[in-house]
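This report concerns strand pairing and helix packing in the structure shown below.

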Amino acid sequence: MIRSSIWKLEMSTQYEKSDPTPPSGSRSCLYDLLCSDTPRWDQPSDSDTTSWLLRKETWRSFGPQARLERMLEDTGNRVCADCGSPDPKWVSLSIGVFICIKCSGVHRSLGSHISKVLSVKLDEWTEDQVDGLVNLGGNIVVNNKYEAFLPNNLKKPRPDSSIEERSDFIKRKYEMQQFLEGEHTSCRLQPHHRTPSSTLPLPPGYHLLNEKKHSEKQSRHRIGHRFRNSWGRKDSDHLKISKKSNSLAGMVEFVGLIKVNVVKGTNLAVRDMLSSDPYVILALGHQSVKTRVIKNNLNPVWNESLMLSIPENIPPLRVIVYDKDTFTTDDFMGDAEIDIQPLVAAAKAYEKSEIHESMQVGKCVANRDNNFLKDGIINLADGKVKQEISFRLQNVERGILEIELECVPLTQ
């Protein structure tokens, strides 16, 4: 007991006398930027808890937007982590890197489970999101991890690289993780094969037994696959989303982004006993995103903003509403197609405008083809081109949806 107390006293004394030193190597740049406030949120010992909390509150007092701007001043964050384009305005929140608008389109094609993309200026950031970004370390730290075993003969994309070059590199870097720290590239690129000298002799009848087991496994897989599909939502009936289409999304040239705010639904169709659990899917080309599910509501209010990249050959925006079911197929609750070309054209025409007053710059006339409840007015306000649309859902007995669109040209 006495020895334990002496040991704790010695350790406490050593901690108080030790001088805090900044991290070495790739972490030093981000540390130098944030050390005056609090670059890391690791909980210190009890003796420093008060000062640590004060530093953290001081750093948080700047607000999430100001903190993001300060992070962009770091040397490594001034250029895109993947292609080196200057002044990146997009972030992969799940990976922790600042990226350019062209690379952000490829990141979206990977899926939000790999790379969740947010805009520095267009999205509303929370303190926790910025804290998470700070803890991941920034472009230099992340690149040292994901490019640790980058082959010497493989060159990173440049700002003027094609979308194919970007897509190939970004997928190998983050999805396949071929250059990841602590992993050898050859192990990820090729499966291990035994050399003839190390191959052990197989017992008689092994191949026949192995083929039989393989056949039984395939049969069970097909039965299980059919069983699962019988309970799943039939996407093929209304929206075809596959791994192949997602991979194609990364190979498409983008001209901008569209921010869709799904505002609310009115008088939606009943798909359960007395109500429904609706959610909305947005699809543009090979991309798709969806809102959260709102339980037991025929007049749901989402107010949820989702982002999609706009392909060069601009397709219509597909809007599909489903009723979420736990044990049966999700029920279809209507769909619609919205022509976004007028909005994109207006955004391109006024992308360099210095007009500060709000003004109407276009209009989509309501008619039977688009099923708008009223004309979709395109407005320019504070340099942003937006359009509010209310429309009737199609292929369903009833239902109205309200959305707000905002187009961001590629040059922004």
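## Sheet and helix contact

In β9, Asp-331 is the bridge partner of Asp-323. The model is predicted: local features need pLDDT of at least 70, side-chain atom pairs count only at pLDDT 80 or more, and totals for chains, interfaces and linings use all residues. Residues are numbered from 1 along each chain as its sequence is written, and side-chain values use heavy atoms, with hydrogens and water left out.

Strands (E, at least two residues) and helices (H or I, at least four) are DSSP runs, numbered from the N terminus. Two strands pair if DSSP finds at least two bridges between them. An open sheet is formed by four strands in the order β6-β5-β8-β9, with antiparallel pairing. Because β6 (287-290) and β9 stand at the edges with a single partner strand each, one side of each is left without a neighbour in the sheet. Two of the pairings are tabulated here.

| Strand | Partner | Bridges |
|---|---|---|
| β8 (residues 317-323) | β9 | six, antiparallel |
| β5 (residues 278-284) | β6 | four, antiparallel |

Within β6, Gln-287 is the bridge partner of Leu-284. Six of the eight residues of β9 (residues 331-338) are buried, so this strand is largely enclosed by the rest of the structure; buried means under 20% relative accessible area (1.4 Å probe, protein chains only).

Helix α4 (residues 64-72) packs against helix α6 (residues 127-136) at an angle of about 20 degrees, their axes 9 Å apart. Axes are lines fitted to C-alpha atoms over the stretch in contact, and angles run from 0 to 180 degrees between N-to-C directions. The two helices are therefore roughly parallel, a term for angles under 35 degrees.

Technical notes:
Buried means under 20% relative accessible area, exposed over 50%, partly exposed in between (1.4 Å probe, protein chains only). Angles under 35 degrees count as roughly parallel, over 145 as roughly antiparallel, 65 to 115 as roughly perpendicular and the rest as oblique.
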